[in-house]
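Q: Could you walk me through some strands and how to read their pairing and burial?

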Amino acid sequence: MKARVSEVALERSRREGEQARKWARPWRVVCLLALVSVTWTCRAEIVDDILSHVPSSPYSYAGMLNKLASLQKSNRITITRIGRSAQGRDLLAVAVHDPATVFGQGARLFVIARQHGNETSGTEAALALLHHFATSQGELERNILQHLTIVCVPMANPDGAEAGRRRNARDVDLNRDWASRSQPETAALEQAVRAWKPHAVMDLHELPQSAPKPAYEENFIETIGSGGGIPQAVSDHTVGTAGELSKWLKAYGYRSNIYYDGPSQSRSLCHRWFGLYHSIPSFLVEVKTGPGRSLRSRTAVHVLSVLVVANHLAHTFGTTNPVLVASAPPAQASVQRPAQRPTTTGGPVSVALRTDQELGESAGGPLEIEAVVGGGPSGRYVRFYVDGRLWLLSNSEPYRCSLDGEEFDEGEHRVQVEVLGDNGQVIAQTERTVRVDESMVAGE
């Protein structure tokens, strides 16, 4: 685990990196909430500090190697070659940690970036996080690393990255290969996760500008839900963290939906493989591309998501003291299935469920259910259940849930919704029965 990249590998990386891109001057981002240290010293600029290491254009493979060679000067960095790609490029896992850390103590977060070679912001987020925590002399950063190790694979598909394509050199989509792990890249990642024994896994991706299905219209996160045989220890972590992710992303101005996977879903995706097969709390982060969504802004969504998951890990596995917390820590609301409830409750806050047809939209495609919320605090977010199963958490209006014939059997389904305030408490709730028919099939 503690072995560093060989001098031969570093020398090769220096030679290959002669054409690496230079960084552009970073610019500041306004943070709306503060992240604070164990001593509650305000550090609102931590996200901005990390983003200051994001270049104006994405790193090539050679540029990434050059960057890692420079970071290796820090005694907080440990670099391990975990395998080689189909074309023979080194696959590197990079850990940032307190040099006094003993393996097996403290929390460990494993971050996988750029399984799809043309999705660049995950690599930039991983390298920016590594740079910041390897070099910062801040008290907050030192406190974090005493209780948390972040392990990143900044470029899981270097062959695809070099070719500017989604798939690897053997024309395989790595994030559809996890059930078989037929490729050298997925096999290497599997062994690395087994070796590091992380408390959570994150898989960083990007969404295309066009949206072939409703779930792809905005940033989204997929994680493991609750019930149905999913270990309680997994769902306690994933569902609790999801509420924090929704709150923090909204606070920073990022619209997002969070979807919950169940045990019957395919394990061919990375986060489902580790979440449903290995029972490791796992998160897929999909950041939307398109006009107005710069490399820096896309990277920011990944950085903030990693910090929130790291926060939860540090509290749960790292120490009995706060390490990285919100100035007003969000409560972790119960994730138990809601019981039968009256149509609308919650004092000044009201909620009603309407279908897309009832809202005057054209029929066809998946059935869209919208939670129409009135009154209450602006910091609210909405949680949907379908047939008692936790299905979706949305942090921005319109709060919508899609039901299609691929995921749901034809017939009637019970939809329940909870409106949560910014403290995670349920402030309104309602339910209704809707019908799915075979014509309601989502686009591919």
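**Reading strands and sheets**

A: Six bridges join strand 11 to strand 12 (residues 367-374), and the two run antiparallel. Strands here are DSSP runs (E, at least two residues), as helices are (H or I, at least four), numbered from the N terminus; two strands pair if DSSP finds at least two bridges between them. This is a predicted model, where local features need pLDDT of at least 70, side-chain atom pairs count only at pLDDT 80 or more, and totals for chains, interfaces and linings use all residues. Residues are numbered from 1 along each chain as its sequence is written, and side-chain values use heavy atoms, leaving out hydrogens and water.

Q: Which residue in strand 12 is the bridge partner of Thr-355?

A: The partner is Ile-369.

Q: In what order do the three strands of the open sheet lie?

A: The order is 11-12-15, with antiparallel pairing. Strand 11 (350-355) and strand 15 (399-403) are the edges, each pairing on one side only.

Q: Is strand 8 buried or exposed?

A: Buried means under 20% relative accessible area, exposed over 50%, and partly exposed in between (1.4 Å probe, protein chains only). Strand 8 (residues 257-261) has five of its five residues buried, so it is largely enclosed by the rest of the structure. One face holds Asn-257, Tyr-259 and Asp-261, the other Ile-258 and Tyr-260.

Q: Which residues stand opposite Tyr-259?

A: Glu-222 does, as does Leu-392 in strand 14.
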